[in-house]
Amino acid sequence: MSNIKALPLLDPEVAEGAVPCCPPLTERPLTAEEAERTAAMFKALGDPVRLRLFSLVASHEGGEACVCDISDVGVSQPTVSHHLKKLREAGLLTSERRGTWVYYRVEPSVVAAMGQMLGAIV
């Protein structure tokens, strides 16, 4: 009997620098630290406005969006800024200021790691 285990492969561009949030849920129980870190990410996505903003950035051409292109989500601009900050703090988005605008990008390594964690239970 062989002890070889096939591991899922990540896209090389995504895998480079990937920092897994935690192991697949079927592998072992999460530690308290892993659960805290993972819960913060899911909590950030648990708000409908944040989930919509995250989706707008992720689906934007090139995977990057200017705040000026995604701010029409039915809430005020300060509220949009607050929600984008929460997504950044959870590690789901990165941002870069260019002139007067801020551009947001989905953090692919974190999203890939979360998908890998959840993919094990499907």
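Reader: If buried means under 20% relative accessible area, exposed over 50% and partly exposed in between (1.4 Å probe, protein chains only), what does Phe-42 count as at 34% relative accessibility?
Author: This is a predicted model, in which local features need pLDDT of at least 70 and side-chain atom pairs count only at pLDDT 80 or more, while totals for chains, interfaces and linings use all residues. Residues are numbered from 1 along each chain as its sequence is written, and side-chain values use heavy atoms, with hydrogens and water left out. Phe-42 has its place in helix α2, and because its relative accessibility is 34%, Phe-42 counts as partly exposed.

Reader: How many helices and strands are there in the protein, and what share of its residues counts as buried?
Author: Helices (H or I, at least four residues) and strands (E, at least two) are DSSP runs, numbered from the N terminus. There are six helices and three strands, and from the N terminus on the elements run α-α-α-β-α-α-β-β-α. Of the 122 residues of the protein, the share that counts as buried is 30%.

Reader: Is Glu-34 buried or exposed, and which side chain does it join in a polar contact?
Author: Glu-34 is found in helix α2, which covers residues 32-45, and because its relative accessibility is 10%, Glu-34 counts as buried. A polar atom of the Glu-34 side chain lies 2.9 Å from the backbone nitrogen of Thr-31. A polar contact (a pair of N or O atoms within 3.5 Å, one able to donate a hydrogen and the other to accept it, with residues adjacent in sequence counting only if both atoms are side-chain atoms) of 2.7 Å joins the side chain of Glu-34 to that of Arg-28.

Reader: Which residues form the covered face of strand β3?
Author: In a regular strand the side chains alternate between the two faces of the sheet. In β3 (residues 101-106), the uncovered face holds Trp-101, Tyr-103 and Arg-105, and the covered one is made by Val-102, Tyr-104 and Val-106.

Reader: Which residue in β3 is the bridge partner of Ser-95, and which residue takes a positive phi in the hairpin of β2 and β3?
Author: Cys-66 has Tyr-103 of β3 as its bridge partner, and Leu-93 stands opposite Val-106 in that strand. For Ser-95, the bridge partner in β3 is Tyr-104. The hairpin of β2 and β3 has two residues between the strands, and the one with a positive phi, near 70°, is Gly-99.

Reader: What separation is there between the C-alpha atoms of Gly-62 and Arg-105?
Author: Gly-62 is found in the loop between α3 (48-59) and β1, and because its relative accessibility is 60%, Gly-62 counts as exposed. Arg-105 belongs to the uncovered face of β3. Although Gly-62 and Arg-105 are 43 residues apart along the chain, their C-alpha atoms are separated by 9.0 Å.

Terms used. Pairing = 2+ DSSP bridges.
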